[in-house]
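User: I would like to learn how to read helix packing, sheets and chain contacts in a model. Please take me through this one.

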Number of protein chains: 2
Amino acid sequence: MTPLHIIKIGGNVIDNSENLYHFLKDFTALEGYKILVHGGGKVATQLSETLGIEAKLVDGRRITDIETLRVVTMVYGGLINKNIVAQLQRFGNNAIGLTGADGNFIRTKKRPVKTIDYGFVGDIDEKSIDPQNISRLMEAGFTPVFCAITHDGEGQLLNTNADTIASALAVSLAKLYSTTLVYCFEKKGVLMDINDEESIIRDIDPVRYEELKLKQIIHSGMLPKLDNAFTAISCGVKAVIIGRSDELSQLKNKQPFGTRLSKSI
Amino acid sequence: MTPLHIIKIGGNVIDNSENLYHFLKDFTALEGYKILVHGGGKVATQLSETLGIEAKLVDGRRITDIETLRVVTMVYGGLINKNIVAQLQRFGNNAIGLTGADGNFIRTKKRPVKTIDYGFVGDIDEKSIDPQNISRLMEAGFTPVFCAITHDGEGQLLNTNADTIASALAVSLAKLYSTTLVYCFEKKGVLMDINDEESIIRDIDPVRYEELKLKQIIHSGMLPKLDNAFTAISCGVKAVIIGRSDELSQLKNKQPFGTRLSKSI
């Protein structure tokens, strides 16, 4: 199968124009099919504050009311997404900026109200993404750039976690491509010693993962990220890499980059 | 050649959710290839006011400073564009929302500073649009929805007049498709009597246009619109129709719709 890289970046890349510039240059240099997924950043929070929209949190979870949805549609879908696309074009990468509404690429269901009403939040399920649909866009020569917005197919835009979008895209497209999912975060990878940025664990398979959990080397905050990664791998994703955006060029140069999770080392 | 309709809507459709709903339904029902181009609306002005950004005008022409560019990127490229796309998807139209940066579809040049510095405004020229590039997206099954933003190919987004974008798309795509350009505006068409909404002139060719100008039936405000329309026609566009958005369904039903400008009646 043809290789495909799906790369997710968050606020630590988006909020720093220099980091973003270098990342987008390295992303462009990466050969073969690729998809970029980006989260939000400080801009959405700043705009909300300026507009007097209070951030609503219940049990530490963010609530997306209609005003917040407007802000994220403007900032994620407009400002951040289109500036990323314009920069990618500058580097010669024929990017197209997308929400999940565009091309009906990611159709989600508004999260049902149980104890908490999360507001306009969309949950992805196994029917949310048609890989053939996204493949058609890539085969036509375009690089998809997704922001963290989806739709319900009934005309409603919905806020959806960017990590989840990246993972769902990877699982879906693994049916058509040899898919590697890359999460860029603030560390160089999963570390043996949290205080030593160079103590990167280069490879983890499910057996090693169990050992690292038993030895409590992998700490609590990393557990959901890695659990989700191994779920994606069990659903057909070739590998999940967790690393720092400024080291992405090592992927192109076939040098060690971040921590590589896969079925077997 | 395969028929293509390029339809431009402005604030009078965008600002009224009921008008927009019906227009998008009728747009979806229109058979064959189609492209939607939309301008702004009151939302951008309102957001600018809320953010304390003063509208800057020189000689009645709007200046796009960096703050205004941020607002239009958020509102045109995010809020309006993505909500239109989500609604089109609801009607079963596989729309993709775009700026000219996406897919490098419209590459413009920042307007040179002469007596006035218009700021971040992009001017279209004959090299701005590659029709094959847009054709690839349409042939892949997607309906392009353009907002009034372009880019310079060097990473800079630029504000560009939506009427001009629609006309330039039509001229470029006329090389590949039998292209009809439709401008939706507040009147049912070009009127014989400005006070009689039913006095629509159904067909105008260049000869009739000269007569109507001589008789001063076509008033000053309409002249640039019609001049541009006939320029587009002389560049290969099959016809330009000027009409009201709520009558678009008449186009599908092959009934008279608006005023039709063409090479010969």
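User: In what crossing, left-handed or right-handed, does H2(A) pass H4(A)?

Analyst: This is a predicted model, in which local features need pLDDT of at least 70, side-chain atom pairs count only at pLDDT 80 or more, and totals for chains, interfaces and linings use all residues. Residues are numbered from 1 along each chain as its sequence is written, and chains are lettered from A and ligands numbered from 1 in the order in which they are written. Helices (H or I, at least four residues) and strands (E, at least two) are DSSP runs, numbered from the N terminus. A crossing is left-handed if the near helix is turned anticlockwise from the far one by less than a right angle, and right-handed if clockwise. H2(A) passes H4(A) in a right-handed crossing.

User: At what angle do helix H2 and helix H4 of chain A pack?

Analyst: Two packed helices are described by the angle between their axes and the distance between the axes. Axes are lines fitted to C-alpha atoms, for helices over the stretch in contact; angles run from 0 to 180 degrees between N-to-C directions. Here H2 (residues 17-29) and H4 (residues 66-90) of chain A pack at about 55 degrees, with axes 9 Å apart. H2(A) is therefore oblique to H4(A). The scale: under 35 degrees is roughly parallel, over 145 roughly antiparallel, 65 to 115 roughly perpendicular, the rest oblique.

User: Which residues make the contact of H2(A) with H4(A)?

Analyst: Contact means C-beta atoms, placed from the backbone, within 7 Å. H2(A) brings A:Tyr21, A:Leu24 and A:Thr28, and H4(A) brings A:Ile84, A:Gln87 and A:Leu88. By class there are 4 nonpolar, 2 polar and no charged residues. Ala, Val, Leu, Ile, Met, Phe, Trp, Tyr, Cys and Pro count as nonpolar, Asp, Glu, Lys and Arg as charged, and the others, Gly among them, as polar.

User: How do H4(A) and H4(B) pack?

Analyst: Their angle is about 115 degrees and their axes are 7 Å apart. That makes H4(A) roughly perpendicular to H4(B). H4(A) passes H4(B) in a right-handed crossing. Residues that meet include A:Met74, A:Gly77 and A:Gly78 in H4(A) and B:Met74, B:Gly77 and B:Gly78 in H4(B). The contact has 6 nonpolar, 6 polar and 4 charged residues.

User: How many residues of chain B are in contact with chain A?

Analyst: 37 residues of chain B contact 37 residues of chain A. H4(B) gives the largest share of chain B's side, 14 residues. That side divides into 14 nonpolar, 17 polar and 6 charged residues.

User: In what order do the strands of the open sheet in chain B run?

Analyst: Strands pair if DSSP finds at least two bridges between them. The 8 strands run S5-S8-S2-S1-S11-S13-S14-S12, with mixed pairing. S5 (95-98) and S12 (203-204) of chain B stand at the edges, each with a single partner strand, so one side of each lacks a neighbour in the sheet. S12(B) joins S14 (residues 259-262) of chain B by 2 bridges, running parallel. There, B:Ile204 has B:Leu261 as its bridge partner.

Technical notes: Two residues are in contact if their C-beta atoms, placed from the backbone, lie within 7 Å.
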